[in-house]
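User: I would like to learn how to read a protein model one feature at a time. Please give the general idea before each case.

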Amino acid sequence: MKGARWQIHNGVSVDFWADRWIPSWPSFCIQSPKPPWVSSNKVADFINPTTGEWRTAKLRQVLTVEEVQAVTNIPISILGGADSIVWGLHPSGKYTVKRGYQKAWSDHINSKPERPSSSTPPHVIVARALGAWDEFVSATETPSSHLPRSLAPSSSLHWIPPAAGSLKINCDASWSKGPNRGWGGIILRDSHGNLIDGRRFRISATSALHAENDNAQLISLSVSELVPPWEVLAILSDIRLLAKDEGLSFRWTPREGNEAAHWVASSQASSLGPNWVVYPP
């Protein structure tokens, strides 16, 4: 189906050279021809199974610089989730008959050497759209699963401890569009507010949505059935799976209630030593 494409998670099901799987390219396809000496055919052949990262050096051997950039911008599932099919002509990834009608009508116009007349009955175009819907549904049907629980957004201006016997993770991130880099901060505390663990780490991301783990939109997508933007789809699929298995819940908190994680992710925390969790500043 012309409007559909693959969303990469582990790359096992997708043909690297023939399938449509590059979300940032109009054709969704690799344009470079397959070199005769290359035996790799699946997208998974270009992913390091140990680190879950793209094999950049291998990609550079067979693709243009632009193609390598487009491929490496695609996040990969750390948990090895299965590849999925999404509607590539809309940011939501969801198919509707309206969008199918628009695609069918566009194809009809482009197939005519001259401006098409109004002689093509609308029901023919609608039938094509409904046919595309049937194809999309059959290709994307999956068993329903339980999504992680969502708590109401917190409006508190201070940190709220978790229930007794539970742990709470606060996280934040800073990101700069220029270098597409930033810092992430994680704080783990118990119900008494004691610091159990924490981490400060480098982030390389192509968008703020990809980088900022405290983003309200990201939290909402983590607990909904909406198809996330392709930049974070594989990541959110991993989050949903982990949340289901571990019984996790999510809550967006304003900065006033997330001060510690915000500080760790900021440039002000650059002086933190390696033992800052043991000896908090």
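**Reading the model**

Analyst: Ile 78 sits in the loop between helix 2 and strand 2 (84-87). Helices (H or I, at least four residues) and strands (E, at least two) are DSSP runs, numbered from the N terminus. This is a predicted model, in which local features need pLDDT of at least 70, side-chain atom pairs count only at pLDDT 80 or more, and totals for chains, interfaces and linings use all residues. Residues are numbered from 1 along each chain as its sequence is written, and side-chain values use heavy atoms, with hydrogens and water left out.

User: How many helices and strands does the protein chain have?

Analyst: The protein chain has eight helices and seven strands.

User: Is Ile 78 buried or exposed?

Analyst: Buried means under 20% relative accessible area, exposed over 50%, and partly exposed in between (1.4 Å probe, protein chains only). Ile 78 has a relative accessible area of 74%, so Ile 78 is exposed. Of the 281 residues in the protein chain, 36% are buried.

User: Which residues make a nonpolar surface patch with Ile 78?

Analyst: Patches are made of residues with over 30% relative accessible area and no salt bridge; like charges are joined within 9 Å, and nonpolar side chains (Val, Leu, Ile, Met, Phe, Trp, Tyr) within 5 Å. A salt bridge is a side-chain nitrogen of Lys or Arg within 4 Å of a carboxyl oxygen of Asp or Glu. Here Ile 78, Leu 79, Leu 241, Leu 242 and Leu 248 make a nonpolar patch of about 470 Å². Accessible areas come from the Shrake-Rupley method with a 1.4 Å probe; for residues, only the protein chains shown count as cover. For the protein chain, the accessible surface comes to about 16,200 Å², with 55% belonging to carbon and sulfur atoms.

User: Which residues of helix 2 are buried, and why are they on the same side?

Analyst: In helix 2 (residues 65-72), the buried residues are Glu 67, Val 68, Ala 70 and Val 71. They are on the same side of helix 2 because they cover an arc of only 165° around the axis. The arc is that of the directions from the helix axis to the C-beta atoms. Val 65 and Glu 66 are exposed, on the face of helix 2 turned away from its buried side.

User: What do the buried residues of helix 2 pack against?

Analyst: They pack against helix 1 (56-62). Contact means heavy atoms within 4.5 Å. Among contacts in the protein chain with a separation of 6 or more, 59% are between residues 24 or more positions apart.

User: Where is Trp 230 found, and which residues does Trp 230 touch?

Analyst: Trp 230 lies in the loop between helix 6 (216-222) and helix 7 (233-246). Its relative accessible area is 19%, so Trp 230 counts as buried. Leaving out residues up to four places away in sequence, Trp 230 touches Arg 5, Gln 7, Pro 23, Ser 24, Asn 73, Ile 74 and Pro 75. Trp 230 and Ile 74 are 156 residues apart in sequence, and their C-alpha atoms are 7.7 Å apart.

User: How many disulfides does the structure hold?

Analyst: A disulfide is a pair of cysteine sulfur atoms within 2.5 Å. The structure holds zero disulfides. Cys 29 is buried at 17% relative accessibility, while Cys 171 is partly exposed at 23%.
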